[in-house]
Amino acid sequence: MSRNSNKPNLTPQFCFNERALRDFLRLSRGTIDDSIVQNLNALITPGQTGFDPTSTAERQVKHPTRRPIDRQSCEKFKESVLFQSWQTRSDVLNYCAGVALDPNDPDLVSREAESAKDRERIIDERLDPYSGRFFPREARTESLANVIRNERGVESIIRSRTWGLVMERCGDDGIHWEEALNRWRADQQSTP
């Protein structure tokens, strides 16, 4: 069974490095959510029922039904692997969202200096017709906020898909993944 990836050292530099942020999320999603079927199959004890020789007597044209997974194994998997991974990714996204909202953008001074230099520039459109256009650079915090918004959308889709597969194999409690995760968080806070 796969383990979730370790939580990265959360710094503003980590968040502003979009490649590192996306790589962490991709790796974490790949180890748990993208391979959820394999992770769930690993919870089944292979030799519980033993081999049935009659199973090979006829050709199987339809797919065999998936064997249900022991409820206790499912709960342990959800609590120690799945929710832990989701929480780690939520912590990273929440931290980076806070960094994106910080008004003290480290690039602010250099952008303001660049903007002042651009305003002082003499534009001769006869020599360069494109010099009259000024494309201000997007602030790093704005760019980071867009990345976080997109990644949260992806995270929601992935969690819904993963939760659907978990409920299919472990038994449907009728609980939405957000509610289940919030219950797990509450249990984690109440446990010393």
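Biologist: Is Glu151 buried or partly exposed in this model?
Modeller: The model is predicted, and the value is computed from its atoms. Residues under 20% relative accessible area count as buried. Glu151 has 9% relative accessibility, so Glu151 is buried.

Biologist: With which residue does Glu151 form a salt bridge whose closest N and O atoms are 3.2 Å apart?
Modeller: Side chains of opposite charge can pair when their charged atoms come close. A salt bridge here needs a side-chain nitrogen of Lys or Arg within 4 Å of a carboxyl oxygen of Asp or Glu. At 3.2 Å between the closest N and O atoms, the partner of Glu151 is Arg22.

Biologist: How many residues apart in sequence are the parts that Glu151 and Arg22 tie together?
Modeller: Glu151 lies in helix α6, residues 140–170. Arg22 lies in helix α2, residues 18–31. The pair therefore ties together parts whose separation in sequence is 129 residues.

Biologist: Is Arg22 buried or partly exposed?
Modeller: Buried means under 20% relative accessible area and exposed means over 50%, with partly exposed in between. Arg22 has 35% relative accessibility, so Arg22 counts as partly exposed.

Biologist: In which helix does Arg89, the salt-bridge partner of Asp33, lie?
Modeller: The closest N and O atoms of Asp33 and Arg89 are 2.7 Å apart, and both residues are buried. Asp33 sits in the loop between α2 and α3. Arg89 is 56 residues away, in helix α4.

Biologist: What separates Arg159 and Glu155 along helix α6?
Modeller: Arg159 and Glu155 form a salt bridge, with the closest N and O atoms 3.0 Å apart. Both Arg159 and Glu155 are buried. They are four residues apart in helix α6, so their separation is about one helical turn.

Biologist: Which residues are linked in a network of salt bridges?
Modeller: The structure holds ten salt bridges. Glu151 pairs with Arg22, Asp33 with Arg89, and Arg159 with Glu155. The linked residues are Glu18, Arg22, Arg29, Asp33, Arg89, Glu151, Glu155 and Arg159.

Biologist: Which residues does Arg29 touch, not counting those up to four places away in sequence?
Modeller: Arg29 lies in helix α2. At 7% relative accessibility, Arg29 counts as buried. With those neighbours in sequence left out, Arg29 touches Asp34, Arg89, Glu151, Val154, Glu155 and Ile158.

Biologist: Which element gives the most residues to the largest nonpolar core?
Modeller: This core has 22 residues, and Leu40, Phe77, Leu82, Phe83, Trp86, Trp163 and Val166 touch the most other members. The elements giving two or more residues are α3, α4, α6 and α7. With six residues, the element that gives the most is α4.

Biologist: Which residues does Leu40 touch, leaving out residues up to four places away in sequence?
Modeller: Leu40 is one of the core residues that touch the most other members. Contact means heavy atoms within 4.5 Å. Under that cut-off, Leu40 touches Ile69, Phe77, Leu165, Val166, Arg169 and Cys170.

Biologist: Which element gives the most to the lining of the largest pocket?
Modeller: The largest pocket holds about 230 Å³ of space. The pocket is lined by 13 residues, of which Glu75, Glu79, Phe83, Ala180 and Arg183 lie nearest its centre. Both α4 and α7 give two or more residues to the lining. With five residues, the element that gives the most is α7.

Biologist: How many charged residues does the lining of the largest pocket have?
Modeller: Asp, Glu, Lys and Arg count as charged. The lining has five nonpolar and two polar residues. The number of charged residues is six.

Definitions and conventions:
Residues numbered from 1 in each chain as written. Predicted model: local features only at pLDDT ≥ 70, side-chain atom pairs only at ≥ 80, totals over all residues. Heavy atoms only, no water. Buried < 20%, exposed > 50% of the residue type's maximum accessible area, 1.4 Å probe, protein only. Core = buried A, V, L, I, M, F, W, Y, C linked by side-chain atoms within 4.5 Å. 1 Å grid on protein atoms, 1.4 Å probe; cavity = no way out; pocket = protein on both sides within 12 Å on 5 of 7 lines; lining within 4 Å. Points joined across faces, edges and corners; volume = space filled by probe spheres on them.
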